[in-house]
Amino acid sequence: MIKVTVLYGHPTDPAAFESYYSSSHMPLVGKISGISKAEVTKFLPGPDGSKPEYYRMAELWFDTPAAMQEALGSPEGKATTDDLANFASGGVKMLVGEVG
């Protein structure tokens, strides 16, 4: 199983981020064939009240590396990746790993 983790930095306008993320970006993610599982997290302050390092995280699971490459290389995958520039004002880090 392959997992793509997307870490979003703190946006300049959290309300605008949330609105766009839910109404525009996530519907694009939903159009990508080959995703086995998708999960999103909005981080909270730490136990000591400290600001989390990242604002949000998205995790996308794929059955194989080839399935990931096919999905993210598809027109829908490219449209989703290209869309990051439209709302991710705090920056984005993407990590790919093998689960297991």
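## A buried ring pair

Both Y8 and F17 are buried. This holds in a predicted model. By the ring-pair rule, the structure has eight aromatic pairs. Y8 and F17 form one of them, and its geometry is edge-to-face. The ring centres lie 5.5 Å apart, with 75 degrees between the planes.

## A tilted pair across the chain

Y21 and F87 also form an aromatic pair, this one tilted. Centre to centre, the distance is 5.9 Å, and the planes stand at 50 degrees to each other. The pair links distant parts of the chain. Y21 belongs to helix α1, while F87 lies in the loop between α3 and β4 (92-98). The two residues are 66 residues apart.

Are Y21 and F87 buried or exposed? Y21 has a relative accessible area of 3%, so Y21 is buried. F87 has a relative accessible area of 7%, so F87 is buried too.

## The ring cluster

Which residues do the ring pairs link into a cluster? The members are Y8, F17, Y20, Y21, Y55 and F87. Y8 and F17 contribute the edge-to-face pair. Y21 and F87 contribute the tilted pair.

## A charge over a ring

K37 and W61 make a contact of another kind. The charged end of K37 sits over the ring of W61. The distance to the ring centre is 4.5 Å.

## Helix α1 against helix α3

Two packed helices are described by the angle between their axes and the distance between the axes. For helix α1 (residues 14-30) and helix α3 (residues 75-83), the angle is about 155 degrees and the axes are 8 Å apart. Angles over 145 degrees count as roughly antiparallel, so α1 is roughly antiparallel to α3.

On the α1 side, the contact uses Y20, H25, L28 and V29. On the α3 side, it uses A79, T80 and D83. By class, the residues of this contact are four nonpolar, two polar and one charged. Y20 also belongs to the ring cluster.

## Helix α2 against helix α3

How do α2 and α3 cross? The axes of helix α2 (residues 65-73) and α3 come within 4 Å and cross at roughly 70 degrees. The range from 65 to 115 degrees counts as roughly perpendicular, so α2 and α3 are roughly perpendicular to each other.

Here α2 supplies A71, L72 and G73. These meet P75, G77 and K78 in α3. The residues of this contact divide into three nonpolar, two polar and one charged.

Terms used: Residues numbered from 1 in each chain as written. Predicted model: local features only at pLDDT ≥ 70, side-chain atom pairs only at ≥ 80, totals over all residues. Heavy atoms only, no water. Axes fitted to C-alpha atoms, helices over the stretch in contact; angles between N-to-C directions. Parallel < 35°, antiparallel > 145°, perpendicular 65-115°, else oblique. Contact = heavy atoms within 4.5 Å. Nonpolar A, V, L, I, M, F, W, Y, C, P; charged D, E, K, R; others polar. Phe/Tyr/Trp six-rings, centres within 6.5 Å; stacked < 30°, edge-to-face > 60°. Buried < 20%, exposed > 50% of the residue type's maximum accessible area, 1.4 Å probe, protein only. Lys NZ or Arg CZ within 6 Å of the ring centre and 35° of its normal.
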